[in-house]
Amino acid sequence: MGLLRITSPHAHGPLSTSRVMQYVLLATVPGVIALTHFFGFGTLINIAWACVVALGCESLALVLRRRPLGFYLKDCSALVTATLLAIAMPPYSPWWLIAVGIACAILLAKHLYGGLGYNPFNPAMAGYVILLISFPVQMTSWSGPRGLSEVPGLLEALQACFHPGAFDGVTMATPLDIMRQNDSLLMEDLWARTPQLGRWAGLGWEWVNLAFLAGGAWLLYQRVFTWHAPLAMLASLSLMAALFYDGGSSASGGSPLFHLLSGATMFGAFFIVTDPVTSAVSVRGRLIYGAMIGALVYTIRVRGNYPDAVAFAVLIMNLAAPLIDNYTQPRTYGHHRSGGEQ
Amino acid sequence: MSEVSYKELSVNGLWKNNPAIVQLLGLCPLLAVTGSVVNAMGLAAATTLVLICSNTAVSLIRNIVSDAVRLPAFVMIIASAVTCIELLMQAYAYELYQILGIFLPLITTNCVILGRADGFASRHSLAPACYDGFIMGLGFGLVLVLLGAIRELLGTGALFANMDLLFGPNAANWKLVLVDDYQNFLLAILPPGAFIFTGLIIALKNIIDTQIKQRQDARKDRPVRGAKRVRVTGNIS
């Protein structure tokens, strides 16, 4: 058995909730920079406005629930929810869209269930799905990446958020849309025809995903979460893609590399799937949880009708997490698997 | 057969024992057709009428029907009442009849109605049974209309659209557009919205009940002026 071979005192600095949340916020920075580089200031404004609304909603909920304001605001969980939802939303979203999403995430998905630690669903993803179902037009209009279309400046981005009527942006189909809608081409033709597809998985998107991967790897290095769930998700997504990909036709759903580096794969794998509250907790449970999410992401991406599938897959598996935990409880030392004593 | 007070019946039907938000009966129509005020009103009216008819009929035959066959008999009565209402709606509010669709015949299986027939009407005389049917229907209908109003307002930014389906052509311009240029919040109109807002209404009712109870308790515990403390354990009653 690997026991510690050092003498006392065994002091250690445990990760507090607020420290973990700050790490997560910090880890989103590379991804946000990549998003800002390719899609303009929209994401930054999304995040800033979402954080303001989130703090307001969190304070309101805390006052209504008669909880101490300072203590709960300091844990930064509202900011993390806001940031994750803002990153997931299309840049240049109008202010009311973000506000509705954050309000649903914080008030309905988090505080109605009892606040941080009690929520069965990931608040950011619940807010995202509510928005996607309620406002499909606004939620599916992604602006074109730098290099293909004019990227709005800071002033225009502000205008898009706070005076949406006057803003006129260029939206384009995302690589995942293109892949889903084209069923009758060879991959080479598809790539030659649509410059949005970039080199591997979409102009801009591949770098955004790599940046989120880098942020996630740093979180892993800091031991904010374990490798099981994200790796299982990425592995099962690749496996699904590899199983169904026939190497050349666009009807077969895209290569594993395409799926790994497109859409919200890396963001989901390292920032959503790893949510300690809503995911499974046992080691084997996390592997199953992640793998199921990966399989669902692929299925919904290829067969579904929505821009991406991470949010739906995560919510479905959030529902299943307690069941998974129930069946994967590790055996406690000195007890039989059936529960009796040895 | 105890004496019933109409006041108690009213409080029960409208608040304390409200079929929709306390007994949670008849949730299927409650969730399914409350997308707008007019739908909710149509179904509320139909349900109330059926409740009154069935309660009246059940109360009239309560001494003839034996216990063993009472449930089939009640269901027969309810089904005939529903059929009558359905035919009436078909005649006078055809478009609404089409919108409500399957949920009109399904009133037959609404647990509120059988519950009241078996639980109340079969044990009471005609007048209280009839009144109970009316007030239970009203309690159910008010929740239905409230939910319909919330969902229509949030979902479409307007209220009382298409009221002409129920109140004739004069009502066509009753529509109140509260917010111009409103982006429809589809979730409120879709089924999940019904669940969420029903839950919120129930929560609101519970909050009000708790507040009332606290206020009553506070009044009860107020010490008598000029009274001196005595060493006691527990409360003096």
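**A helix pair, a buried valine and the chain contact**

Mentor: Start with V100(A), which counts as buried because 20 C-beta neighbours lie inside 10 Å. The cut-off for buried is 20 or more. This is a predicted model. V100(A) sits in helix 6 of chain A, residues 95-111. Its C-alpha atom is 8.3 Å from that of G127(A). Along the chain, V100(A) and G127(A) are 27 residues apart.

Now the helix pair. Helix 13 of chain A covers residues 228-244, and helix 15 of chain A covers residues 265-272. Their axes come within 8 Å and cross at roughly 155°. Angles over 145 degrees count as roughly antiparallel, so helix 13 and helix 15 of chain A are roughly antiparallel to each other. Their crossing is right-handed. Which residues meet there? Helix 13 of chain A brings P230(A), M233(A), L234(A) and L237(A). Helix 15 of chain A answers with T265(A), A269(A) and F270(A). By class, this contact has 6 nonpolar residues, 1 polar and no charged.

Last, the contact between chains. Here 5 residues of chain A touch 6 residues of chain B. Helix 7 of chain A, residues 123-134, gives the most to the chain A side, with 3 residues. That side divides into 4 nonpolar residues, 1 polar and no charged.

As for confidence, the predictor gives the complex an ipTM of 0.80 and a pTM of 0.85. Chain B averages a pLDDT of 85, and 92% of its residues score at least 70.

Conventions
Residues are numbered from 1 along each chain as its sequence is written. Chains are lettered from A and ligands numbered from 1 in the order in which they are written. This is a predicted model: local features need pLDDT of at least 70, side-chain atom pairs count only at pLDDT 80 or more; totals for chains, interfaces and linings use all residues. pLDDT is the predictor's confidence in each residue, from 0 to 100. Two residues are in contact if their C-beta atoms, placed from the backbone, lie within 7 Å. Helices (H or I, at least four residues) and strands (E, at least two) are DSSP runs, numbered from the N terminus. Ala, Val, Leu, Ile, Met, Phe, Trp, Tyr, Cys and Pro count as nonpolar, Asp, Glu, Lys and Arg as charged, and the others, Gly among them, as polar. A residue is buried if 20 or more other C-beta atoms lie within 10 Å of its own, exposed if 12 or fewer, and partly exposed in between; C-beta atoms are placed from the backbone. Axes are lines fitted to C-alpha atoms, for helices over the stretch in contact, and angles run from 0 to 180 degrees between N-to-C directions. Angles under 35 degrees count as roughly parallel, over 145 as roughly antiparallel, 65 to 115 as roughly perpendicular and the rest as oblique. A crossing is left-handed if the near helix is turned anticlockwise from the far one by less than a right angle, and right-handed if clockwise.
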